[in-house]
Amino acid sequence: MKIRKAEEKDIPRLLALLEQVLQIHAKIRPDIFIPGTTKYTVCELAELLKQEDKPIYVAVNEDDVCMGYAFCQVKEQPFSTNMIPFKSLFIDDLCVDQQARGQHIGESLFEYVKQQAKEQGCYEVTLNVWAGNTSAEHFYEKMGMKTKERQMEYIL
């Protein structure tokens, strides 16, 4: 398994994997997510691929087929009188093809993201997990992540 930056040729696979993630989220929160959709369109993905501060890393097999991805964003802590300025690499989305799970692709992607964050001078790697996505929660805990803060809601 090789990990590299995503390219335009990866867009069809990225869309297929984005759909897998959406299905998980739609099952957990049908009040928010629309089944059968994806987070990005082909055009939006093509634009994202050009943005240096929003890298997309893909894990590809020996045939150079994308088996997983990590959509990332470089975030800077804005100036504040009560916080030290720092840079984070935020994992906006991480997915491994459901047919390829259990092959340590997710671990490899996560380790690669950590390495990229270090090289870019980041203080931390962060992400959000939807409540109810227990398999993702367990995976990230296994990778050494800890809860930093929680977002809570009150549905009206």
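Predicted model: local features only at pLDDT ≥ 70, side-chain atom pairs only at ≥ 80, totals over all residues.

Trainee: Okay, and which helix does Gln20 lie in?

Mentor: Gln20 belongs to helix 1, which covers residues 11-28.

Trainee: Does Gln20 count as buried or exposed?

Mentor: Gln20 counts as buried, because its relative accessibility is 14% and the cut-off for buried is under 20%.

Trainee: What lies 2.9 Å from a polar atom of its side chain, the side chain of Gln20?

Mentor: That is the backbone nitrogen of Gln98, and Gln98 is also one of the residues in the contact list of Gln20.

Trainee: Changing topic, how many helices and strands are there in the whole chain?

Mentor: The protein chain has four helices and five strands, and, read from the N terminus, they follow the order β-α-α-β-β-β-α-β-α.

Trainee: Why is it called as compact as a globular protein of that length?

Mentor: The chain has a radius of gyration of 16 Å, close to the 15 Å that the globule rule gives for 156 residues, so it is as compact as a globular protein of that length. Taken along the principal axes, the C-alpha atoms fill a box of roughly 50 × 40 × 35 Å.

Trainee: And how much of the chain is buried?

Mentor: Of the 156 residues, 42% count as buried. In soluble globular proteins, nonpolar side chains tend to be buried together.

Trainee: Then which residues have the most contacts inside the largest nonpolar core?

Mentor: They are Ile91, Leu109, Val113 and Tyr140, in a core that has 24 residues. Several elements supply at least two residues each to this core, including strand 4 (87-96), helix 3 (105-119) and helix 4 (134-142). Helix 3 gives the most, with five residues.

Trainee: Going back to Tyr140, what does it touch?

Mentor: Not counting residues up to four places away in sequence, Tyr140 touches Leu94, Phe110, Leu127, Val129 and Met145.

Trainee: Last one, what does UniProt list for residues 1-156?

Mentor: The UniProt record, an unreviewed entry, lists "domain: N-acetyltransferase" for residues 1-156. In the model, that span is 31% helix and 22% strand, and its end C-alpha atoms lie 46 Å apart.

Key:
Residues numbered from 1 in each chain as written. Heavy atoms only, no water. UniProt positions renumbered as here; feature names shortened; annotations may be inferred. Core = buried A, V, L, I, M, F, W, Y, C linked by side-chain atoms within 4.5 Å. Buried < 20%, exposed > 50% of the residue type's maximum accessible area, 1.4 Å probe, protein only. Contact = heavy atoms within 4.5 Å. Rg over C-alpha atoms; globule rule 2.2 N^0.38 Å. Polar contact = N/O pair within 3.5 Å; in protein donor to acceptor, adjacent residues only side chain to side chain.
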